[in-house]
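These are my notebook entries on what I looked up in the structure shown below.

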Amino acid sequence: MRAPYGSRPLAPASLAVRGAALLLALVALSRTLVHGLAEPGLALVFGLLVAAGEMVRRNAAVGEREPAPLAAAGALGYALLGESAGRPTAHGALQVIAVVVVAQALAALPRMARGRRTDADRAARRTLTVGFAAVCCQPLYHSGQAERWFGDGAFFPLFPLAVLALTALGDAVLAALLARAAARAGGAGGLPPYGSLLADEVRAQAGTGVAIGATAAVTALGVAVAGPWAPAALCGPLLLTQVSVRRYAAVRTTCRQTMASLARSTEIAGYTPPGHARRVAALATAVGRELGLTGPRLAVLEHAALMHDIGQLSLLDPVAGGATALLPAAEQRRIALLGGAVVRRTGAGPEVAAVVERQADPYREQPLAARIVRTVNAYDDLCGESVGGPLGALEQLRLGTGHDHQPQVVEALGRVLARGGLTPAGAG
(Lines give C-alpha, C1' and ligand atoms only; values in the text may rest on other atoms or scores of the structure.)
Protein backbone atom coordinates (compact mmCIF):
# COMPACT_ATOMS: atom_id res chain seq x y z
CA MET A 1 0.00 0.00 0.00
CA ARG A 2 1.44 3.36 -1.00
CA ALA A 3 1.53 6.03 1.68
CA PRO A 4 -0.78 9.04 1.31
CA TYR A 5 0.74 11.94 -0.54
CA GLY A 6 1.40 14.12 2.47
CA SER A 7 2.99 11.30 4.50
CA ARG A 8 5.56 10.05 2.02
CA PRO A 9 9.03 9.98 3.51
CA LEU A 10 11.48 12.39 1.94
CA ALA A 11 14.31 10.94 -0.12
CA PRO A 12 17.84 11.47 1.25
CA ALA A 13 18.71 13.82 -1.62
CA SER A 14 15.71 16.02 -0.85
CA LEU A 15 16.53 16.02 2.85
CA ALA A 16 20.14 17.00 2.10
CA VAL A 17 19.16 19.89 -0.18
CA ARG A 18 16.55 21.19 2.25
CA GLY A 19 18.92 20.82 5.18
CA ALA A 20 21.72 22.72 3.43
CA ALA A 21 19.31 25.51 2.44
CA LEU A 22 17.91 25.74 5.97
CA LEU A 23 21.39 25.94 7.50
CA LEU A 24 22.44 28.64 5.04
CA ALA A 25 19.23 30.59 5.70
CA LEU A 26 19.71 30.45 9.47
CA VAL A 27 23.30 31.68 9.21
CA ALA A 28 22.27 34.52 6.87
CA LEU A 29 19.32 35.61 9.01
CA SER A 30 21.37 35.50 12.21
CA ARG A 31 24.14 37.60 10.70
CA THR A 32 21.68 40.13 9.29
CA LEU A 33 19.82 40.43 12.60
CA VAL A 34 23.06 41.03 14.47
CA HIS A 35 24.63 43.54 12.07
CA GLY A 36 21.48 45.08 10.59
CA LEU A 37 20.59 45.79 6.98
CA ALA A 38 23.06 47.59 4.77
CA GLU A 39 21.28 49.93 2.34
CA PRO A 40 17.76 49.07 3.46
CA GLY A 41 16.24 50.87 0.47
CA LEU A 42 17.87 48.49 -2.01
CA ALA A 43 17.02 45.51 0.18
CA LEU A 44 13.37 46.62 0.23
CA VAL A 45 13.22 47.10 -3.56
CA PHE A 46 14.63 43.66 -4.36
CA GLY A 47 12.72 42.00 -1.53
CA LEU A 48 9.45 43.39 -2.87
CA LEU A 49 10.42 42.27 -6.37
CA VAL A 50 11.04 38.70 -5.19
CA ALA A 51 7.87 38.65 -3.07
CA ALA A 52 5.74 40.06 -5.91
CA GLY A 53 7.13 37.50 -8.34
CA GLU A 54 6.27 34.69 -5.93
CA MET A 55 2.79 36.01 -5.25
CA VAL A 56 1.80 36.30 -8.92
CA ARG A 57 3.13 32.90 -9.82
CA ARG A 58 0.69 30.08 -10.44
CA ASN A 59 0.88 26.43 -9.49
CA ALA A 60 3.58 24.78 -11.56
CA ALA A 61 2.29 22.64 -14.40
CA VAL A 62 3.73 19.26 -15.27
CA GLY A 63 7.17 19.73 -16.73
CA GLU A 64 7.34 23.42 -15.90
CA ARG A 65 10.79 24.38 -14.62
CA GLU A 66 10.25 27.85 -13.18
CA PRO A 67 6.73 29.07 -12.34
CA ALA A 68 8.04 32.36 -10.84
CA PRO A 69 10.60 33.81 -13.29
CA LEU A 70 10.16 37.36 -12.00
CA ALA A 71 11.11 36.28 -8.47
CA ALA A 72 14.09 34.30 -9.77
CA ALA A 73 15.35 37.26 -11.82
CA GLY A 74 14.96 39.64 -8.87
CA ALA A 75 16.83 37.33 -6.51
CA LEU A 76 19.70 36.81 -8.95
CA GLY A 77 19.81 40.52 -9.78
CA TYR A 78 20.35 41.34 -6.11
CA ALA A 79 23.06 38.70 -5.88
CA LEU A 80 24.88 40.26 -8.87
CA LEU A 81 24.54 43.85 -7.68
CA GLY A 82 27.83 45.64 -7.04
CA GLU A 83 26.95 49.32 -7.46
CA SER A 84 23.92 51.60 -7.14
CA ALA A 85 23.85 54.83 -9.13
CA GLY A 86 27.63 54.68 -9.52
CA ARG A 87 28.39 54.08 -5.82
CA PRO A 88 29.64 50.74 -4.47
CA THR A 89 27.07 48.77 -2.50
CA ALA A 90 27.76 47.49 1.02
CA HIS A 91 25.46 44.50 1.27
CA GLY A 92 27.11 41.12 1.29
CA ALA A 93 26.28 37.59 0.26
CA LEU A 94 24.59 36.70 3.55
CA GLN A 95 22.28 39.72 3.34
CA VAL A 96 21.28 38.69 -0.18
CA ILE A 97 20.31 35.24 1.11
CA ALA A 98 18.45 36.69 4.10
CA VAL A 99 16.41 39.10 1.95
CA VAL A 100 15.47 36.37 -0.53
CA VAL A 101 14.49 33.93 2.23
CA VAL A 102 12.31 36.50 4.02
CA ALA A 103 10.67 37.57 0.74
CA GLN A 104 9.87 33.95 -0.16
CA ALA A 105 8.46 33.32 3.30
CA LEU A 106 6.24 36.42 3.23
CA ALA A 107 4.94 35.53 -0.24
CA ALA A 108 4.13 32.00 0.92
CA LEU A 109 1.89 33.14 3.79
CA PRO A 110 -1.18 34.06 1.64
CA ARG A 111 -0.88 30.78 -0.28
CA MET A 112 -0.70 28.80 2.95
CA ALA A 113 -3.71 30.71 4.33
CA ARG A 114 -5.69 29.57 1.27
CA GLY A 115 -4.67 25.96 1.94
CA ARG A 116 -2.17 25.66 -0.90
CA ARG A 117 1.04 23.68 -0.62
CA THR A 118 4.43 25.34 -0.69
CA ASP A 119 7.14 23.79 -2.83
CA ALA A 120 9.88 23.36 -0.26
CA ASP A 121 12.29 21.77 -2.75
CA ARG A 122 12.00 24.70 -5.15
CA ALA A 123 12.47 27.21 -2.32
CA ALA A 124 15.55 25.31 -1.14
CA ARG A 125 16.96 25.29 -4.69
CA ARG A 126 16.49 29.03 -5.00
CA THR A 127 18.17 29.67 -1.65
CA LEU A 128 21.20 27.59 -2.62
CA THR A 129 21.56 28.90 -6.18
CA VAL A 130 21.12 32.54 -5.18
CA GLY A 131 23.58 31.96 -2.35
CA PHE A 132 26.09 30.53 -4.83
CA ALA A 133 25.75 33.54 -7.13
CA ALA A 134 26.07 35.97 -4.22
CA VAL A 135 29.15 34.22 -2.83
CA CYS A 136 30.76 34.36 -6.27
CA CYS A 137 30.02 38.08 -6.77
CA GLN A 138 29.83 40.01 -3.51
CA PRO A 139 33.32 39.31 -2.06
CA LEU A 140 34.93 40.12 -5.42
CA TYR A 141 32.98 43.38 -5.69
CA HIS A 142 33.82 44.49 -2.16
CA SER A 143 37.51 43.66 -2.47
CA GLY A 144 37.81 45.33 -5.87
CA GLN A 145 39.08 42.10 -7.37
CA ALA A 146 36.30 41.97 -9.96
CA GLU A 147 37.28 45.37 -11.36
CA ARG A 148 40.96 44.44 -11.41
CA TRP A 149 40.22 41.20 -13.27
CA PHE A 150 37.62 42.45 -15.74
CA GLY A 151 38.26 46.20 -15.84
CA ASP A 152 35.50 48.78 -15.91
CA GLY A 153 34.68 48.77 -19.62
CA ALA A 154 32.94 46.61 -22.17
CA PHE A 155 34.34 43.36 -20.75
CA PHE A 156 32.97 43.91 -17.25
CA PRO A 157 29.50 42.40 -18.05
CA LEU A 158 31.28 39.13 -18.82
CA PHE A 159 31.78 38.64 -15.08
CA PRO A 160 28.07 38.45 -14.10
CA LEU A 161 27.30 36.45 -17.23
CA ALA A 162 29.92 33.87 -16.28
CA VAL A 163 28.50 33.68 -12.76
CA LEU A 164 25.00 33.25 -14.16
CA ALA A 165 26.15 30.41 -16.41
CA LEU A 166 27.71 28.58 -13.46
CA THR A 167 24.62 29.24 -11.36
CA ALA A 168 22.35 27.84 -14.07
CA LEU A 169 24.49 24.70 -14.26
CA GLY A 170 24.35 24.27 -10.49
CA ASP A 171 20.59 24.77 -10.50
CA ALA A 172 20.23 22.12 -13.21
CA VAL A 173 22.29 19.67 -11.13
CA LEU A 174 20.06 20.27 -8.09
CA ALA A 175 16.84 20.12 -10.11
CA ALA A 176 17.79 16.79 -11.69
CA LEU A 177 18.77 15.40 -8.28
CA LEU A 178 15.46 16.45 -6.73
CA ALA A 179 13.44 15.18 -9.71
CA ARG A 180 14.96 11.73 -9.36
CA ALA A 181 14.40 11.82 -5.60
CA ALA A 182 10.74 12.75 -6.17
CA ALA A 183 10.32 9.88 -8.62
CA ARG A 184 11.80 7.48 -6.09
CA ALA A 185 9.64 8.79 -3.22
CA GLY A 186 6.55 8.69 -5.42
CA GLY A 187 7.01 5.00 -6.13
CA ALA A 188 7.53 5.44 -9.87
CA GLY A 189 7.81 2.12 -11.63
CA GLY A 190 11.00 3.07 -13.44
CA LEU A 191 13.43 5.65 -12.17
CA PRO A 192 14.78 7.93 -14.91
CA PRO A 193 18.58 7.88 -15.24
CA TYR A 194 20.20 10.91 -13.62
CA GLY A 195 22.08 11.75 -16.81
CA SER A 196 18.84 12.02 -18.80
CA LEU A 197 17.25 14.24 -16.17
CA LEU A 198 20.31 16.48 -16.07
CA ALA A 199 20.33 16.80 -19.86
CA ASP A 200 16.66 17.81 -19.78
CA GLU A 201 17.30 20.44 -17.12
CA VAL A 202 20.26 21.88 -19.01
CA ARG A 203 18.18 22.08 -22.19
CA ALA A 204 15.43 23.83 -20.24
CA GLN A 205 17.90 26.55 -19.26
CA ALA A 206 18.01 27.56 -22.94
CA GLY A 207 14.39 28.71 -22.63
CA THR A 208 13.12 30.50 -19.55
CA GLY A 209 16.53 30.24 -17.89
CA VAL A 210 18.13 32.51 -20.50
CA ALA A 211 15.36 35.10 -20.05
CA ILE A 212 15.74 34.99 -16.27
CA GLY A 213 19.53 35.31 -16.43
CA ALA A 214 19.43 38.14 -18.96
CA THR A 215 16.87 40.06 -16.89
CA ALA A 216 18.92 39.57 -13.72
CA ALA A 217 22.11 40.82 -15.39
CA VAL A 218 20.39 43.81 -17.01
CA THR A 219 18.66 44.68 -13.72
CA ALA A 220 21.95 44.65 -11.80
CA LEU A 221 23.67 46.77 -14.45
CA GLY A 222 20.65 49.13 -14.60
CA VAL A 223 20.70 49.70 -10.85
CA ALA A 224 24.47 50.29 -11.04
CA VAL A 225 23.83 53.17 -13.45
CA ALA A 226 20.37 54.53 -12.61
CA GLY A 227 19.71 53.53 -9.01
CA PRO A 228 16.96 51.60 -7.23
CA TRP A 229 14.12 52.61 -9.57
CA ALA A 230 15.59 50.61 -12.47
CA PRO A 231 14.05 47.17 -11.58
CA ALA A 232 10.51 48.50 -12.03
CA ALA A 233 11.23 49.34 -15.68
CA LEU A 234 13.61 46.52 -16.54
CA CYS A 235 11.51 43.65 -15.16
CA GLY A 236 8.38 44.67 -17.07
CA PRO A 237 9.18 42.58 -20.16
CA LEU A 238 9.69 39.48 -18.02
CA LEU A 239 6.33 40.08 -16.32
CA LEU A 240 4.66 40.20 -19.75
CA THR A 241 6.49 37.01 -20.69
CA GLN A 242 5.18 35.35 -17.53
CA VAL A 243 1.62 36.30 -18.42
CA SER A 244 2.11 34.85 -21.92
CA VAL A 245 3.51 31.62 -20.50
CA ARG A 246 0.52 31.30 -18.20
CA ARG A 247 -1.86 31.65 -21.13
CA TYR A 248 0.09 29.09 -23.12
CA ALA A 249 0.00 26.72 -20.15
CA ALA A 250 -3.77 27.18 -19.89
CA VAL A 251 -4.09 26.13 -23.54
CA ARG A 252 -1.93 23.06 -22.83
CA THR A 253 -4.10 22.18 -19.83
CA THR A 254 -7.23 22.36 -21.98
CA CYS A 255 -5.53 20.12 -24.55
CA ARG A 256 -4.64 17.56 -21.87
CA GLN A 257 -8.23 17.56 -20.61
CA THR A 258 -9.47 17.01 -24.17
CA MET A 259 -7.15 14.04 -24.58
CA ALA A 260 -8.26 12.54 -21.27
CA SER A 261 -11.92 12.87 -22.29
CA LEU A 262 -11.28 11.30 -25.69
CA ALA A 263 -9.36 8.46 -24.07
CA ARG A 264 -12.39 7.68 -21.88
CA SER A 265 -14.78 7.86 -24.84
CA THR A 266 -13.72 4.40 -26.04
CA GLU A 267 -14.56 2.98 -22.61
CA ILE A 268 -17.92 4.78 -22.40
CA ALA A 269 -18.83 3.53 -25.89
CA GLY A 270 -17.94 -0.04 -24.89
CA TYR A 271 -14.99 -0.44 -27.26
CA THR A 272 -12.35 -0.96 -24.54
CA PRO A 273 -12.50 -2.30 -20.96
CA PRO A 274 -12.81 0.24 -18.13
CA GLY A 275 -9.45 1.72 -17.13
CA HIS A 276 -7.57 0.26 -20.11
CA ALA A 277 -6.25 3.59 -21.44
CA ARG A 278 -5.25 4.74 -17.95
CA ARG A 279 -3.43 1.49 -17.21
CA VAL A 280 -1.58 1.52 -20.53
CA ALA A 281 -0.58 5.19 -20.05
CA ALA A 282 0.71 4.62 -16.51
CA LEU A 283 2.64 1.46 -17.39
CA ALA A 284 4.01 2.91 -20.65
CA THR A 285 5.27 5.98 -18.75
CA ALA A 286 7.05 3.74 -16.23
CA VAL A 287 8.64 1.70 -19.04
CA GLY A 288 9.67 4.93 -20.76
CA ARG A 289 11.44 6.07 -17.59
CA GLU A 290 13.13 2.68 -17.36
CA LEU A 291 14.47 3.19 -20.90
CA GLY A 292 15.71 6.72 -20.19
CA LEU A 293 12.87 8.89 -21.57
CA THR A 294 12.32 12.14 -19.68
CA GLY A 295 10.74 15.55 -20.14
CA PRO A 296 8.92 16.22 -23.45
CA ARG A 297 9.64 12.73 -24.84
CA LEU A 298 7.99 11.15 -21.81
CA ALA A 299 4.99 13.49 -22.14
CA VAL A 300 4.55 12.50 -25.81
CA LEU A 301 4.63 8.83 -24.79
CA GLU A 302 2.04 9.34 -22.04
CA HIS A 303 -0.35 11.25 -24.31
CA ALA A 304 0.01 8.72 -27.13
CA ALA A 305 -0.63 5.84 -24.72
CA LEU A 306 -3.81 7.54 -23.51
CA MET A 307 -5.03 8.00 -27.08
CA HIS A 308 -3.78 4.76 -28.61
CA ASP A 309 -7.26 3.17 -28.98
CA ILE A 310 -9.15 6.22 -30.23
CA GLY A 311 -9.24 4.74 -33.76
CA GLN A 312 -11.61 2.01 -32.54
CA LEU A 313 -14.44 4.55 -32.55
CA SER A 314 -14.46 4.24 -36.35
CA LEU A 315 -15.39 0.51 -36.17
CA LEU A 316 -18.99 -0.58 -36.74
CA ASP A 317 -18.67 -3.37 -34.18
CA PRO A 318 -16.39 -3.30 -31.13
CA VAL A 319 -13.44 -5.67 -31.01
CA ALA A 320 -14.07 -8.47 -28.54
CA GLY A 321 -12.76 -7.25 -25.20
CA GLY A 322 -11.20 -4.25 -26.96
CA ALA A 323 -8.08 -6.38 -27.56
CA THR A 324 -6.62 -4.90 -30.75
CA ALA A 325 -3.36 -6.78 -30.14
CA LEU A 326 -5.14 -9.97 -31.22
CA LEU A 327 -6.40 -8.56 -34.55
CA PRO A 328 -4.71 -9.21 -37.94
CA ALA A 329 -1.80 -6.86 -38.62
CA ALA A 330 -3.60 -5.05 -41.46
CA GLU A 331 -6.59 -4.28 -39.24
CA GLN A 332 -4.34 -3.06 -36.45
CA ARG A 333 -2.62 -0.67 -38.85
CA ARG A 334 -5.96 0.61 -40.19
CA ILE A 335 -7.22 1.38 -36.67
CA ALA A 336 -3.90 3.03 -35.79
CA LEU A 337 -4.03 5.30 -38.86
CA LEU A 338 -7.61 6.29 -38.09
CA GLY A 339 -6.60 7.05 -34.52
CA GLY A 340 -3.71 9.21 -35.67
CA ALA A 341 -6.05 11.23 -37.87
CA VAL A 342 -8.29 11.91 -34.87
CA VAL A 343 -5.33 12.90 -32.67
CA ARG A 344 -4.12 15.41 -35.27
CA ARG A 345 -7.41 17.28 -34.83
CA THR A 346 -7.11 17.53 -31.04
CA GLY A 347 -4.08 19.82 -30.94
CA ALA A 348 -2.05 17.17 -29.15
CA GLY A 349 0.83 17.68 -31.58
CA PRO A 350 2.23 15.81 -34.59
CA GLU A 351 4.62 13.79 -32.39
CA VAL A 352 1.72 12.25 -30.45
CA ALA A 353 -0.21 11.55 -33.67
CA ALA A 354 2.84 9.89 -35.24
CA VAL A 355 3.20 7.51 -32.29
CA VAL A 356 -0.48 6.56 -32.45
CA GLU A 357 -0.28 6.02 -36.22
CA ARG A 358 2.83 3.83 -36.05
CA GLN A 359 1.98 1.71 -32.99
CA ALA A 360 1.01 -1.27 -35.21
CA ASP A 361 4.07 -1.21 -37.50
CA PRO A 362 6.86 -3.79 -37.19
CA TYR A 363 8.95 -2.61 -34.26
CA ARG A 364 12.12 -2.12 -36.34
CA GLU A 365 10.27 0.62 -38.26
CA GLN A 366 8.85 2.35 -35.17
CA PRO A 367 10.14 5.15 -32.95
CA LEU A 368 10.80 4.08 -29.37
CA ALA A 369 7.56 5.57 -28.00
CA ALA A 370 5.48 3.58 -30.50
CA ARG A 371 7.34 0.39 -29.55
CA ILE A 372 6.52 0.99 -25.89
CA VAL A 373 2.84 1.70 -26.56
CA ARG A 374 2.51 -1.41 -28.72
CA THR A 375 4.13 -3.68 -26.15
CA VAL A 376 2.31 -2.31 -23.10
CA ASN A 377 -1.05 -2.34 -24.91
CA ALA A 378 -0.46 -5.96 -25.92
CA TYR A 379 0.43 -6.85 -22.33
CA ASP A 380 -2.81 -5.36 -20.99
CA ASP A 381 -4.85 -7.02 -23.75
CA LEU A 382 -3.25 -10.40 -23.11
CA CYS A 383 -3.86 -10.14 -19.37
CA GLY A 384 -7.53 -9.50 -20.11
CA GLU A 385 -7.64 -12.59 -22.36
CA SER A 386 -6.51 -14.84 -19.47
CA VAL A 387 -3.51 -16.35 -21.26
CA GLY A 388 -1.97 -17.40 -17.98
CA GLY A 389 -2.08 -14.09 -16.13
CA PRO A 390 0.69 -11.49 -16.12
CA LEU A 391 3.47 -14.09 -16.32
CA GLY A 392 1.78 -15.76 -19.27
CA ALA A 393 1.30 -12.38 -20.97
CA LEU A 394 4.98 -11.57 -20.58
CA GLU A 395 5.92 -14.95 -22.00
CA GLN A 396 3.71 -14.30 -25.02
CA LEU A 397 5.42 -10.95 -25.56
CA ARG A 398 8.86 -12.59 -25.38
CA LEU A 399 7.77 -15.08 -28.03
CA GLY A 400 6.89 -12.13 -30.28
CA THR A 401 10.23 -10.34 -30.04
CA GLY A 402 11.28 -11.56 -33.47
CA HIS A 403 8.84 -9.24 -35.27
CA ASP A 404 6.24 -7.57 -33.07
CA HIS A 405 8.06 -6.40 -29.94
CA GLN A 406 11.54 -5.03 -29.30
CA PRO A 407 13.33 -7.30 -26.80
CA GLN A 408 14.68 -4.34 -24.78
CA VAL A 409 11.16 -2.94 -24.34
CA VAL A 410 9.78 -6.31 -23.22
CA GLU A 411 12.60 -6.73 -20.70
CA ALA A 412 12.09 -3.17 -19.40
CA LEU A 413 8.40 -3.98 -18.95
CA GLY A 414 9.35 -7.11 -17.05
CA ARG A 415 11.63 -5.13 -14.70
CA VAL A 416 8.94 -2.52 -14.03
CA LEU A 417 6.36 -5.20 -13.29
CA ALA A 418 8.78 -7.11 -11.07
CA ARG A 419 9.39 -4.03 -8.93
CA GLY A 420 5.71 -3.13 -8.65
CA GLY A 421 4.31 -6.63 -8.49
CA LEU A 422 2.66 -8.36 -11.44
CA THR A 423 -0.78 -6.75 -11.56
CA PRO A 424 -3.46 -8.27 -13.77
CA ALA A 425 -5.47 -6.05 -16.04
CA GLY A 426 -8.42 -4.41 -14.43
CA ALA A 427 -6.82 -4.04 -11.03
CA GLY A 428 -6.94 -0.60 -9.58
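**Entry on R31**

I located R31 in helix 1; helices (H or I, at least four residues) and strands (E, at least two) are DSSP runs numbered from the N terminus. The model is a predicted one, in which local features need pLDDT of at least 70 and side-chain atom pairs count only at pLDDT 80 or more, while totals for chains, interfaces and linings use all residues. Residues are numbered from 1 along each chain as its sequence is written, and side-chain values use heavy atoms, with hydrogens and water left out.

I then looked up the exposure of R31, which is partly exposed with a relative accessible area of 35%. By the cut-offs used, buried means under 20% relative accessible area, exposed means over 50%, and partly exposed lies in between (1.4 Å probe, protein chains only).

Which residues does R31 touch, not counting residues up to four places away in sequence? I noted G36 and L94, where contact means heavy atoms within 4.5 Å. R31 and L94 are 63 residues apart along the chain, and their C-alpha atoms are separated by 7.2 Å.

**Entry on positive phi values**

I recorded a phi near 50° for E39, a positive value in a residue other than glycine. E39 sits in the loop between helix 1 (12-35) and helix 2 (40-55). Its relative accessible area is 27%, so E39 is partly exposed.

I found a positive phi of about 55° at A85, which is not a glycine either. A85 belongs to the loop between strand 1 (83-84) and strand 2 (87-88). A85 counts as partly exposed because its relative accessibility is 32%.

**Entry on cysteines**

How many disulfides does the structure hold? I noted zero, a disulfide being a pair of cysteine sulfur atoms within 2.5 Å. C136 is in no disulfide, and the nearest cysteine sulfur, that of C137, is 6.4 Å away.

Is C383 buried or exposed? C383 has 10% relative accessibility and therefore counts as buried, whereas C136, at 22%, counts as partly exposed.

**Entry on a surface patch**

I looked up a nonpolar patch on the surface, formed by V102, L106, L109 and M112. Together these residues have about 380 Å² of accessible area, computed by the Shrake-Rupley method with a 1.4 Å probe, where for residues only the protein chains shown count as cover. Patches are made of residues with over 30% relative accessible area and no salt bridge, with like charges joined within 9 Å and nonpolar side chains (Val, Leu, Ile, Met, Phe, Trp, Tyr) within 5 Å. A salt bridge is a side-chain nitrogen of Lys or Arg within 4 Å of a carboxyl oxygen of Asp or Glu. I placed M112 in helix 4 (residues 93-113).
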